[in-house]
Amino acid sequence: MRRTLLPTLLLLLSTSVFAQSVEEQIQTQIKKIDASIPVVSIEKAPIPGMYEVELGSGEVLYTDEKGEFFLLGNLYQLSDAEGFVSLTEKKQNAQREKEMAALDESDLVVYPAQGTEKASVFVFTDVDCPYCRKLHDEVPKLQAQGVTVKYLAFPRQGPGSPVHKKMESIWCAEDRNAAMDQSKQGKSVASATCENPVIDQYMLGQKAGVTGTPAIVTAQGKLIPGYMPASRLIELIKADS
């Protein structure tokens, strides 16, 4: 009696239909760690056999195709063209660039460049931060060099804190720039409330890797933590363009 291959073929077909893709397998494994972890994307990493996982928190993980081993940290590549480069930082820069480009400028406190705009920077700021005030003193120098400064709120003490309330008043003021200038000078600002983006910007800052203020993000997504004199900042902006 001749044996048929039909049952074997059907078994293979059914197995292929229900088999998980590598991306699904990795996602399943991550959910075992914590079902609430938001996975934005899973792509092949530059290392053969490894995958790059972008999380909603802004972090980047590296894992094998089974999702069994994980690495959290910077992945570097040594090449003749670029030298020793952090591929993780490149990925995070791209994330930040996308997030900054999606911002509505009407939600920011903007100090426009004088004359033709040559560059722009986003600054996560806390009005009670001494170094934020020091950077604010440098804003006219940046404007004079064709750099637009766009402020986002980052009350370091978090939601509901006194500085959070101050920053809400600035964002709800009729003249945000004047209110920002007053607050940066240590002067009180009239209390005001309205629908505002302060907490959303604070959360965006956390996702972007902001841990302190001021935190400067270039239009290309490069994060520059801490205060920097206008002259040095302009050099970095030019190098990053």
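Q: Where is L78 placed?

A: L78 is in strand β5, residues 76–79, where strands (E, at least two residues) and helices (H or I, at least four) are DSSP runs numbered from the N terminus. Residues are numbered from 1 along each chain as its sequence is written. This is a predicted model in which local features need pLDDT of at least 70, side-chain atom pairs count only at pLDDT 80 or more and totals for chains, interfaces and linings use all residues, while side-chain values use heavy atoms, without hydrogens and water.

Q: Why is L78 called exposed?

A: Exposed means over 50% relative accessible area, buried under 20% and partly exposed in between (1.4 Å probe, protein chains only); L78 has 69% relative accessibility, so L78 counts as exposed.

Q: What makes F124 and F154 an aromatic pair, and why edge-to-face?

A: Rings of Phe, Tyr and Trp (its six-membered ring) pair if their centres lie within 6.5 Å, with planes under 30 degrees apart counted as stacked, over 60 as edge-to-face and the rest as tilted. The centres of F124 and F154 are 6.3 Å apart and their planes at 85 degrees, so the pair is edge-to-face. F124 lies in strand β8 and F154 in the loop between β9 and α5, so the pair ties together parts that are 30 residues apart in sequence.

Q: Why is the pair of F154 and Y202 called tilted?

A: The ring centres are 4.8 Å apart and the planes of F154 and Y202 stand at 40 degrees, so this pair is tilted. Both F154 and Y202 are buried, and ring pairs link F124, F154 and Y202 into a cluster.
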